[in-house]
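User: I'm new to this one and would like a close look at a single part. Could you pick a spot and walk me through what surrounds it?

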Amino acid sequence: MPNIKSIILLSRPINLVIIAVTMGITRWVVLSNLVVKSNVQSLPLSTLHFLLLIAAAMLIAAAGNIINDYFDQRADKINKPLKVRIGRTVNRKVAILIHQGLNATGLALVFWVGWKNSYLFLLTLPLLIALLLWAYSPLFKKKPLVGNLLVAFCTAAVPVFAVAADVHLLQHSQLISSGTAYGEISRTVWPVILAVSAFAFVLSMIREAVKDVEDEPGDRSELYQTIPILWGMKRTKRYVIGWIIVFLIMAALLTQNYTSLKDTVLILSLLVLPALLALYFVVQAKVTADFSKVSLLIKLIMLCGLILMVLLPV
């Protein structure tokens, strides 16, 4: 009998909740507010179908987390020995079967929602992500930059997936008023959603680089070619600093869209300040353990980003 608690922990439930919250905020707050500007009073995709898409995204992400731990078992015995579950509390064959079952169920849900809404193209993005996550650990994670870019792409895809069905369905929806063109809605929605995805991408690149530093001992033992192993501490610090500066520039550009002092203060306090703290800790870092504070700050910025999506007008 599989250890249910271990399987749940393998899926990284906190990360799955963040995916669900991100999709919910992106659709029910950001997209809803954007389409109201185009005189659309409601979204065409049913709540049930959207909840099924959230479930699908969570299942596919959980499958990716499990297969990652499956292939990282030996490295994780060095990096985080107390958290290794595959091969101990979860049989390796069982882990593979669960991974395949979660992926199949998630993709089936997306297929069903796409079929019911005459939009089977909706399956393209989750299918691509499922394939990429499957190949991540055995192929891409061991190579410099490629694995980080893959994870960042998957993270950035979440806001896009959250709105893709609604934006497509609005093209043929009776919800659009007679004076509003679909092109107008598309031009209103996509720049904002892609901006959210860009922030997610940059934060993920920072987070993955920091994780590579934290996981360097185990990765080195398995002959991975991650950035810290190939470049060393000094060059890796410069790389992380570069991405944090990119993030700060994006946050500065974001403030240009708001004239309200309250909105500017929100951006400065929730994005800029913790990013500056992260920058300081990276500059001061001497050994691998020093990056733990940076890791916590990046997670905090991700949470603050979700809060801003609710608080800032679009």
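Analyst: One term before we start: a polar contact is a pair of N or O atoms within 3.5 Å, where, inside a protein, one has to be able to donate a hydrogen and the other to accept it. Keep in mind too that this is a predicted model.

Let's look at Tyr 239, which sits in helix H10. Its side chain makes one of those polar contacts with the side chain of Trp 243, at 3.1 Å. Tyr 239 counts as buried because its relative accessible area is 12%, and the cut-off for buried is under 20%.

So who is around it? Setting aside residues up to four places away in sequence, Tyr 239 touches Leu 145, Met 205, Ala 209, Ile 227 and Trp 231. Take Ile 227 from that list: it is 12 residues from Tyr 239 along the sequence, and their C-alpha atoms are 9.0 Å apart.

The helix itself is worth a look. H10 covers residues 227-255, and a straight helix of 29 residues would span 42 Å, yet H10 spans only 32 Å between its end C-alpha atoms. There is a bend of about 100° in H10, at Met 233.

The largest nonpolar core has 49 residues, and Met 23, Val 35, Leu 53, Leu 122 and Val 189 touch the most other members. Helix H3 gives the largest share of that core, 12 residues. Apart from it lies another core, of 38 residues, and both Ala 209 and Ile 227 are among its members, along with Tyr 258 and Ile 301.

How values were computed. Residues are numbered from 1 along each chain as its sequence is written. This is a predicted model: local features need pLDDT of at least 70, side-chain atom pairs count only at pLDDT 80 or more; totals for chains, interfaces and linings use all residues. Side-chain values use heavy atoms; hydrogens and water are left out. A nonpolar core is a set of buried Ala, Val, Leu, Ile, Met, Phe, Trp, Tyr and Cys residues joined through side-chain atoms within 4.5 Å. Buried means under 20% relative accessible area, exposed over 50%, partly exposed in between (1.4 Å probe, protein chains only). Helices (H or I, at least four residues) and strands (E, at least two) are DSSP runs, numbered from the N terminus. The expected span of a helix is 1.5 Å times one less than its number of residues. The bend at a residue is the angle between axes fitted to the seven residues ending there and the seven starting there. Contact means heavy atoms within 4.5 Å.
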